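Hi,

Here's the structure I promised to pass on. Have a look first, and my notes on the helix packing and one of the sheets follow below.

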Amino acid sequence: MSANAELRMDQLPSDPLLHILSFLSFRDLIHCSFVSRRLWDLSKHNPLWRTLCCKHWLLTEADRLQSGASWRCLFRQYYVDLGRYLQYYPVLKRAWEQLKDFLQQRCPRMIASLKEGATEVELDDIEVQIGCRLPDDYRCSYRIHNGQKLVIPGLMGSMSLSNHYRSEVLLDVETAAGGFQQRKGMRRCLPLTFCFHTGLSQYMALEPAEGRRVYESFYPCPDQTAQDPSAIDMFITGSSFFQWFTSYVHNVVTGEYPIIRDQIFRYMHEDGCVETTGDITVSVSTSFLPELSSVHPPHFFFTYRIRIEMSDAASPEASCQLDSRYWKITTSDGNVEEVQGPGVVGEFPVMTPGKVHEYASCTTFSTPTEYMEGHYTFHRLANKEEVFHVAIPRFHMICPPFREPLVRTQKVAESYASRFDRDDEFCDEDGDDFGDPRGIKKADLRETSSSWKRDRQYAKSQND
């Protein structure tokens, strides 16, 4: 070929062109199809659209065969139906599939409670009914599965103590719309979950009102010290539906949350919270209970689950029995409390090679974070005179971030302004009109109420 010969598109071989096109997004691929007849023909190449269908819609060859359409047509069908959710769909669809695969193996009865996805028309009707726009990540997830039936156990986790049980159902959109809040203190809030036993729900703020950030999820917590019933504190559980749901699924499928009696228990295991003494290993996981907690007065309720395991390689002579426990409890304000007592929750477990003993207990604090550590005292079964300690690793109990209601922070600001003859409006540093965000470090805690003291006494009696 001469040096000045013109290079024509239709003279180029197909394979390198298809390889180049395989790097394009679906939008760029469509744009290229209008450049020339050759690119028009190549852009319809099925393998190109198969890759895009797998990437954006997680479709398989079985899905294509069932539809009877080409990969290009199948992509178009899904885009027409779900195109507005393109940024969320692959991640949420994968999360749902991972969750269902996990449930099928570990909690099969939950699978039957999942509802088929809602339609666009149904979601549009809900928006008209509540007078608010639903966020696209929420709509996308509900196109895949419309929550679950009102059954126990709930998909969004359980918790059980001696006289307390919680199991949260992921509400379908119709039931959620029926619980949409317009009352003062909870305006424009849509329930995400519901617990039959406690009445507890997590909510999502559909508008930035009353100190809430738009689309964040939270547990409402009435201010027990305020005369205004609209003063509702919030334990924040997510910045958006997408983050809230995908982080929960991640904790479930990675085994972060244990499965107990075919239910998902929302205990969190802190990295490194394992201690081995001789043949005995102790590990701890914790959970915060918002339904038994409050910000005003400061009353933070935690439960912890302890696993004691003797190595199956231990000799039979190593068999032993737990006699007592010792705790050193340190709160975030520096106070230290020591607790000693016989057994654990009224039991004196005998440990033999390969045996595992697990139990749960609870405690309350007036600070939002604290840690516990200590040891168990054992004696050998073969020689009661041989007494030894088994270390309990340090574990932290931290409540989720919380935000005070706007009505409270405004009153604080008004009081501050009156003291210094200032008329400026209270707001966060970034100028947003949100409630006061609080978290691990909280000073000047108020004196606790009598109800908090009663619960504290109960928790102490349950503390192992």
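Helix 7 and helix 12 are roughly parallel to each other, because their angle falls under 35 degrees. Before you read on, keep in mind that this is a predicted model.

The numbers for that pair: helix 7 covers residues 89-106, and it packs against helix 12 at an angle of about 30°, with the axes 10 Å apart. The crossing of the two is left-handed. On the helix 7 side, the contact uses Val91, Leu92, Ala95, Trp96, Gln98, Leu99 and Phe102. They meet Phe242, Phe245, Thr246, Val249, Val252 and Val253 of helix 12. Sorted by class, that gives 11 nonpolar residues, 2 polar ones and no charged ones.

Helix 12 (residues 241-253) also packs with helix 10 (residues 136-144), here at an angle of about 45° and with axes 8 Å apart. That angle makes helix 10 oblique to helix 12. Helix 10 brings Asp137, Tyr138, Ser141 and Tyr142 to the contact, and helix 12 brings Phe241, Phe242 and Phe245. The class count for this one is 5 nonpolar, 1 polar and 1 charged.

Strand 13 runs antiparallel to strand 14 (residues 280-288), and 6 bridges join them.

Cheers

Terms used: Residues are numbered from 1 along each chain as its sequence is written. This is a predicted model: local features need pLDDT of at least 70, side-chain atom pairs count only at pLDDT 80 or more; totals for chains, interfaces and linings use all residues. Side-chain values use heavy atoms; hydrogens and water are left out. Axes are lines fitted to C-alpha atoms, for helices over the stretch in contact, and angles run from 0 to 180 degrees between N-to-C directions. Helices (H or I, at least four residues) and strands (E, at least two) are DSSP runs, numbered from the N terminus. Angles under 35 degrees count as roughly parallel, over 145 as roughly antiparallel, 65 to 115 as roughly perpendicular and the rest as oblique. Contact means heavy atoms within 4.5 Å. Ala, Val, Leu, Ile, Met, Phe, Trp, Tyr, Cys and Pro count as nonpolar, Asp, Glu, Lys and Arg as charged, and the others, Gly among them, as polar. A crossing is left-handed if the near helix is turned anticlockwise from the far one by less than a right angle, and right-handed if clockwise. Two strands pair if DSSP finds at least two bridges between them.
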